[in-house]
Amino acid sequence: MQSSHGAHGASFSDMQQVRLGRTGLKVSEICLGMMSYGSPQWRDWVLDEEAADPFVRRAVEAGITFFDTADVYSLGESEVVTGRLLARYFTRRDDYVLATKVWSPMSDRPNDSGLSRKHILAGIDNSLRRLGTDHVDLYQIHRFDPQTPVEETMEALHDVVRSGKARYIGASSMYAWQFAKAQYTARSNGWTEFVSMQNHYNLVYREEEREMLPLCLDQGVGVIPWSPLARGMLAGNRGRGDDRRTTRSKNDAFSAMYNDDDFAVVDVNAEVARERGVSPAQVALAWLLSRPAVTAPIVGATKLSHLEDAIAATRVTLDEKEIARLEAPYVPHPVLGH
């Protein structure tokens with residue numbers, strides 16, 4: 001394993017660096033999600049640059065090299081904060097892997113959303129300007145756009161890569177047939193294919209195991225799940241009924257996706273954590289890290305303890321009996337998050 005050092009002497013060998021799918025790109029096995037950092041005016045749980053600084057510093061110290069944001073987070077301010085903080089803690093641009101996304105509405109103007117050629121080419125330029133860099137390592141489509149021909153989208157993304165503004169492209173939550181169609185379109189035209197899938201996957205939402213994960217495993221696509229702790233449920237910070245104890249869950253639409261049946265999984269997760277003497281979050285993340293196709297969960301952190309749990313989870317290895325116990329109470333869900 002290669003050992004490199006950031007601006008503050010952090011050794012990247014502290015955390016395992018793994019290949020993203022079948023690519024040669026190495027990323028840390030935990031990705032720090034930057035949605036939590038930007039402008040509190042966008043969401044009241046978001047931390048500003050000063051408050052976000054200790055999180056990025058600690059991540060770099062621990063060997064995290066993979067950072068994920070999006071144009072829509074804090075309507076651009078997350079990218080600004082991300083770019084500034086990464087430049088502060090890494091002396092070389094090549095020492096970290098930077099991911100952002102396009103698709104979401106950035107205003108109410110008709111061409112300021114979606115996956116048209118116009119919006120993608122404008123979107124990458126705007127993101128690079130805010131991030132203060134000449135390229136992103138992973139440029140992702142935030143969702144599928146049924147209003148734009150997939151050929152238009154894939155050719156535009158190919159041109160972004162050919163221009164040097166992105167090294168790789170990735171996709172996010174969609175149906176497996178949509179993802180397969182996009183990949184087929186790219187492959188049959190000699191265009192750049194997606195190397196990663198950022199999807200909704202955790203112990204209480206496992207619908208991705210039906211179609212998307214087998215597809216990614218078969219095709220060598222790296223999986224970087226979002227909401228790995230089910231909006232805090234698996235960390236033990238929400239109770240049954242409407243007992244929601246996080247600021248985020250009060251105004252976050254995805255928090256409403258989970259129901260009381262899911263607490264059977266939460267309870268077993270807590271039991272395994274007690275037996276091991278670790279936190280519930282560590283067990284839930286360790287389970288995700290053990291899953292086939294998963295490269296790196298994307299962890300959001302608004303308390304340093306959240307980040308410490310994620311770092312510690314990489315050192316927890318669950319046995320087959322524990323995994324079977326954790327999976328047994330699962331209740332199927334309607335598709336959530338596309």
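**Close-up views of a predicted model**

View 1. A disulfide would require the two sulfur atoms to be within 2.5 Å. Across the whole structure, the search finds zero disulfides. Cys-31 accordingly takes part in no disulfide, its nearest cysteine sulfur being that of Cys-216. Cys-216 has a relative accessible area of 0% and is therefore buried. Cys-31 also counts as buried, because its relative accessibility is 0%.

**View 2. Packing of helix H3 against helix H4.** Helix H3 spans residues 117-131 and helix H4 spans residues 150-162; their axes are 9 Å apart and form an angle of about 25 degrees. Because of this angle, H3 is roughly parallel to H4, the limit for that description being under 35 degrees. The crossing of H3 past H4 is right-handed. H3 contributes Arg-117, Ile-120, Leu-121 and Ile-124 to the contact, while H4 contributes Glu-152, Thr-153, Glu-155, Ala-156, Leu-157, Asp-159 and Val-160. Of these contact residues, six are nonpolar, one is polar and four are charged.

**View 3. The surroundings of Tyr-258.** Tyr-258 is located in the loop that runs between helix H7 (247-250) and helix H8 (263-276). Tyr-258 counts as buried because its relative accessibility is 5%, the cut-off being under 20%. Leaving aside residues up to four places away in sequence, Tyr-258 touches His-200, Asn-202, Val-204, Tyr-205, Ser-227, Ala-230, Arg-231, Met-233 and Arg-238. Val-204 is 54 residues from Tyr-258 in sequence, with a C-alpha to C-alpha distance of 7.9 Å.

Definitions and conventions: Residues numbered from 1 in each chain as written. Predicted model: local features only at pLDDT ≥ 70, side-chain atom pairs only at ≥ 80, totals over all residues. Heavy atoms only, no water. Axes fitted to C-alpha atoms, helices over the stretch in contact; angles between N-to-C directions. Helix = DSSP H or I, 4+ residues; strand = E, 2+ residues; numbered from the N terminus. Parallel < 35°, antiparallel > 145°, perpendicular 65-115°, else oblique. Left-handed = near helix turned anticlockwise from the far one by under 90°. Contact = heavy atoms within 4.5 Å. Nonpolar A, V, L, I, M, F, W, Y, C, P; charged D, E, K, R; others polar. Buried < 20%, exposed > 50% of the residue type's maximum accessible area, 1.4 Å probe, protein only.
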